[in-house]
Amino acid sequence: MPALSKLLAKYRYSESCVALYKPNVTQPPTQLAIAYIHDGKGYIGYASTAVPYALSDTVLLGNCKDISVCYDTRWRADADSNYHIYTPDLLIIASVDTSGLLSVRLGENASKINLDTGASKCSVIRGWKHISDASIDQGICVAYIKKGSVYIRTGMLINDKYNWGAAIKLQSYGYATDVNVTRTNDYRISITVSYGKTSKMFLSDRTFPGNTVKNEFIAAQQLAIMTSGYIETISTRDISFIEGIGSLKLSVDMSGEYINLQSYSLFGWNVSTEHISIVTMFDIDSTPEALLSALYISDINGMQILVERIEQVSKNTFKLYTSNMQHAYDEANIKFTSSNDVKDVIGNVVPSFEAKVFLRGYIPVPPTPPEVVSVINVPTEVT
Amino acid sequence: MWSKHIRITLDKPINRNQALLDASLNAFTITYNTKLFVDDSSVAKQTPKVSAISYETETSIVLSISDYILDNVVGDVVVEYDKTKGSLAGSTGSPIESFIKVFEPINLTERQQPATRETIKLLQRVNNNMDIMFTVNSSISSDTGSFNSFIVSIENALTITVSGTIKP
């Protein structure tokens, strides 16, 4: 971005850091958030990505000797199953004040969350978040230097609140002079540390958000038998998993001679469930009724599974109540037709998708075979 | 109305795979008695083979019987299924258990067959040979093989017995 370089050079800022604001998954960033230090004070300025760059809405943060910003970051699929990052409207600011107090703000006007003292440098990034497994989330990662050693602290989003873990000291390869934390494009967190003239890069484990390959449908589920069972899928384009809770009756016939003979289905699942929960990758801002009207659920034979009512459990979780899943067998289909009434929290219309639900991962129980109800002759016309 | 079919209704959906149905023909044993003659009460036990099994509805199949018809049944029909010989299964894959069911046929119209008891009439004697000719009331098959199984036995010097079955 040569224009951005010119902008930063023009104002002769020190210790600047730039974050891109990209609210739409399929559109380029629309705004820059620029953190910089001028005369010993920290500032946040905003600039449109449209040329020419121009700072506006500058916010004073107070005394600072280092500052770093990033936007909260999510990602999701477009209509072609390609995954894109987008940024909710939450700017995360890490700073070290002149006394060495390391703090984080979740939003420019939010109160400070103090993380450590005696710090000299800091860098912050929002890590990769697994799209369906909330436990696999690298959270907000703040890397900082304290007395020549590098530490990180991570904030995990749990029940809509960030919980900050204890400081972790990285292995030392000398006296650290600078640190920078970034996301890599292979789903890791990278911490680059300068030790005077040499640098080291620390890489985290990969977080596979489930989108490293295109998913055409829900890939896997897990559920228990009879009570308190659940179905969980790894991923799909816009549904992260589907869950059945309550009275689950699952069955499969593992008879060898039968499997050899039957031609259409290796496993004869028979699912009876009262609840199906749909968890989306992003928060939905619509009424449950609007979502229900856009959903069509059918069994393996194409017969519609009627949903009696829908309940919004949380921002991204909806529970469907149905008593008509008895003959869903080993798969069901969920089709969502895009509707202007169903949008995410940033105002984007949720794109259409179609997903299959497969059942697996539980202990097979022989199903109850059909029993003969009646036997009678059939009068037949013979010429 | 002639009846050559038996409907079996189940309480759950049945696997409609025709290969499974065809593999179950020999698993059925059907037994009933039929009248031998219309003018007396003698009966003969019949065990016709099942020639076809067809999927009728989600929960019913129909057995077709070869060779015999049900219209002259006396009493109940016994339908027996042996799961070790058959492959019938539910839609979820579970094999249908063996069963024995008895039913009384409905809506039967007794057919004019077999005919009234036949009588043999001595028509002619040539030299030392005796030709026997007899007539029946109903039409019979033109298949001469139908008569090969006749057994002629001599009771005494004056009486002979001819026994066998003719096909209508």
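The largest nonpolar core of this predicted model has 31 residues, and A:Leu102, A:Val142, A:Ile191 and A:Val193 have the most contacts inside it. A nonpolar core is a set of buried Ala, Val, Leu, Ile, Met, Phe, Trp, Tyr and Cys residues joined through side-chain atoms within 4.5 Å; buried means under 20% relative accessible area, with a 1.4 Å probe and protein chains only. In soluble globular proteins, nonpolar side chains tend to be buried together.

Which strands build this core? At least two residues each come from strands of chain A that include S8 (91-96), S9 (102-106), S12 (140-146) and S17 (189-195). S12(A) gives the largest share, six residues. Strands here are DSSP runs (E, at least two residues), numbered from the N terminus.

Now look at A:Val142. Leaving aside residues up to four places away in sequence, A:Val142 touches, among others, A:Ala94, A:Leu102, A:Tyr151 and A:Trp164, where contact means heavy atoms within 4.5 Å.

Next, the cysteines. Zero disulfides turn up over all chains, a disulfide being a pair of cysteine sulfur atoms within 2.5 Å.

Residues are numbered from 1 along each chain as its sequence is written, and chains are lettered from A and ligands numbered from 1 in the order in which they are written. In this predicted model local features need pLDDT of at least 70, side-chain atom pairs count only at pLDDT 80 or more, and totals for chains, interfaces and linings use all residues, while side-chain values use heavy atoms, leaving out hydrogens and water.

Conventions
Buried means under 20% relative accessible area, exposed over 50%, partly exposed in between (1.4 Å probe, protein chains only). Helices (H or I, at least four residues) and strands (E, at least two) are DSSP runs, numbered from the N terminus.
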